[in-house]
Amino acid sequence: MIDKKNELYEPSRELHQKFNTLIEDIGEGLWKYCRYLTGSPWDGEDLYQETMLKALGGLYQRWHPTNLKSYLYRIATNTWIDQCRKRKKRDWALN
């Protein structure tokens, strides 16, 4: 049973390590960008985490972008736009 778990977890650990290596240089700038977009360190952190989850989840499903930095910034921007639209729609429905 333990061997089967290791077979499952090992590839995911390797993918996570590769992802961390790829974003090592971009991460801090992206976090600052997310904070700038949201105007709040807390919302910026949430946006940053959601961006990382979307990027990591999509690594093996999507084509590999040639410019990872612009790809991550685009994910953050689109995620923030979607959140603002949902918030606006929700606020409109409450009124």
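The structure is a predicted model, in which local features need pLDDT of at least 70 and side-chain atom pairs count only at pLDDT 80 or more, whereas totals for chains, interfaces and linings use all residues. Residues are numbered from 1 along each chain as its sequence is written, and side-chain values use heavy atoms, with hydrogens and water left out.

Helix 4 (residues 68–94) comprises 27 residues and spans 39 Å from its first C-alpha to its last, close to the 39 Å expected at 1.5 Å a residue, the expectation being 1.5 Å times one less than the number of residues; helices are DSSP runs of H or I with at least four residues, numbered from the N terminus. Among the buried residues of helix 4 are Leu72, Tyr73, Ala76, Thr77 and Trp80.

Helix 2 and helix 4 pack at an angle of about 20°, with their axes 11 Å apart, where axes are lines fitted to C-alpha atoms over the stretch in contact and angles run from 0 to 180 degrees between N-to-C directions. Helix 2 is therefore roughly parallel to helix 4, a term for angles under 35 degrees. The contact (heavy atoms within 4.5 Å) involves Gly29, Leu30, Tyr33, Cys34, Leu37 and Thr38 of helix 2, together with Leu72, Tyr73, Ala76, Thr77 and Trp80 of helix 4.

Terms used
Helix = DSSP H or I, 4+ residues; strand = E, 2+ residues; numbered from the N terminus. Buried < 20%, exposed > 50% of the residue type's maximum accessible area, 1.4 Å probe, protein only. Parallel < 35°, antiparallel > 145°, perpendicular 65-115°, else oblique.
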